[in-house]
Amino acid sequence: MPISKELGTIVDLEAGARVIPAGTDLYRQGDICSTYSIVLSGWIALSVLLDDGSCQIVDFALPGAILGFQQAPDAPMYHSARCLSVVRVYAFPRRKLDIIIENNPRLAILLCRQITANEARAHDHLANIGLRDARQRIAHLILELYVRVRGRLPAEHGETIQLPLSQGQIGQALGLTYVHVCRMLQILREQKIVKLANHRLEVIDPEALMATAGIEYEVPRANSILGD
């Protein structure tokens, strides 16, 4: 979390952190946010709601993310941010953080890197949904989230992470129905690739997971491949 670490040298983020329960909206689509939110812990789903009530999760914000940036200060948010777990955030008034960034070139560079990573991940999500079948989509998303949590590709059989997503939320991120997600996760479990139960992901066979996800095993930097 290089951005939050850099900000932590300027402001006591922990002292001013808010604790937000799971299921709470940090902000909603159409809101005008007066603050930026630095995610210190927990998982947040960023989603777009259409007029017919259908929902698409466009990304997941993990610790270190800064939320609330828009193309203009008074522009409404194009997405909602809902906490998937208990979340701790530090809320920065917009002008205060803008001034800090203006006077801290290193922080500005780190922020540009995060924006670039977010853009790369958005492109990756588009390709994943548009070009891969359901089994491959799920494997790719699981691998992406593993890398974002651990900062590396899985290396050993049986490695685990906490994954606070429901099968319905996986479907909303991948354009799949709950039933289809359930069926594909069962196939991945039967093939001894991954197991997801009680919000706990176990990577049974790392090499098979990467092959299914379309990611090569030998890579110089895992984060650069999966956009974080």
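This is a predicted model: local features need pLDDT of at least 70, side-chain atom pairs count only at pLDDT 80 or more; totals for chains, interfaces and linings use all residues.
Biologist: Happy to! With that in hand, which residues does I138 touch, not counting residues up to four places away in sequence?

Modeller: I138 belongs to the largest nonpolar core, where it is listed with F60 and I170 as having the most contacts inside. Leaving out residues up to four places away in sequence, what I138 touches is I170, L174, L176, V181, M184, L185 and L188.

Biologist: Which element gives the most to this core?

Modeller: The core has 37 residues. At least two residues each come from β5 (55-61), α4 (134-150), α5 (167-174), α6 (178-190), β10 (194-197), β11 (200-203) and α7 (206-213). With nine residues, the element that gives the most is α4.

Biologist: And how many residues are in the other core, the one that lies apart?

Modeller: Among the members of that other core are I3, Y36, Y90 and L110. Its residue count is 16.

Biologist: Back to α4, then. How are α4 and α7 oriented to each other?

Modeller: Their axes come within 7 Å and cross at roughly 120°. Angles from 65 to 115 degrees count as roughly perpendicular and those over 145 as roughly antiparallel, with the rest, beyond the roughly parallel ones under 35, being oblique. The relation of α4 to α7 is therefore oblique.

Biologist: By class, how many nonpolar, polar and charged residues make that contact of α4 with α7?

Modeller: On the α4 side the contact uses R135, Q136, A139, H140, I142 and L143, and on the α7 side L209, M210, T212 and A213. Sorting them by class gives six nonpolar, three polar and one charged.

Biologist: What about α4 and α6: how are those two oriented to each other?

Modeller: The α4 and α6 axes come within 9 Å, and they cross at roughly 75°. The range for roughly perpendicular runs from 65 to 115 degrees. So α4 and α6 are, to each other, roughly perpendicular.

Biologist: How many of the residues in the contact of α4 with α6 are nonpolar?

Modeller: A134, R135, I138 and I142 of α4 meet H180, V181, M184, L185, I187 and L188 of α6. One of these residues is polar and one is charged. The nonpolar ones number eight.

Biologist: Last one: which residues is R132 in contact with, leaving aside its neighbours within four places in sequence?

Modeller: R132 lies in the loop between α3 (105-131) and α4. Its C-alpha atom is separated by 40 Å from that of L97, 35 residues apart along the chain. Setting aside neighbours within four places, the contacts of R132 are A127, R137, H140, A213 and G214.

Conventions:
Residues are numbered from 1 along each chain as its sequence is written. Side-chain values use heavy atoms; hydrogens and water are left out. A nonpolar core is a set of buried Ala, Val, Leu, Ile, Met, Phe, Trp, Tyr and Cys residues joined through side-chain atoms within 4.5 Å. Buried means under 20% relative accessible area, exposed over 50%, partly exposed in between (1.4 Å probe, protein chains only). Helices (H or I, at least four residues) and strands (E, at least two) are DSSP runs, numbered from the N terminus. Contact means heavy atoms within 4.5 Å. Axes are lines fitted to C-alpha atoms, for helices over the stretch in contact, and angles run from 0 to 180 degrees between N-to-C directions. Ala, Val, Leu, Ile, Met, Phe, Trp, Tyr, Cys and Pro count as nonpolar, Asp, Glu, Lys and Arg as charged, and the others, Gly among them, as polar.
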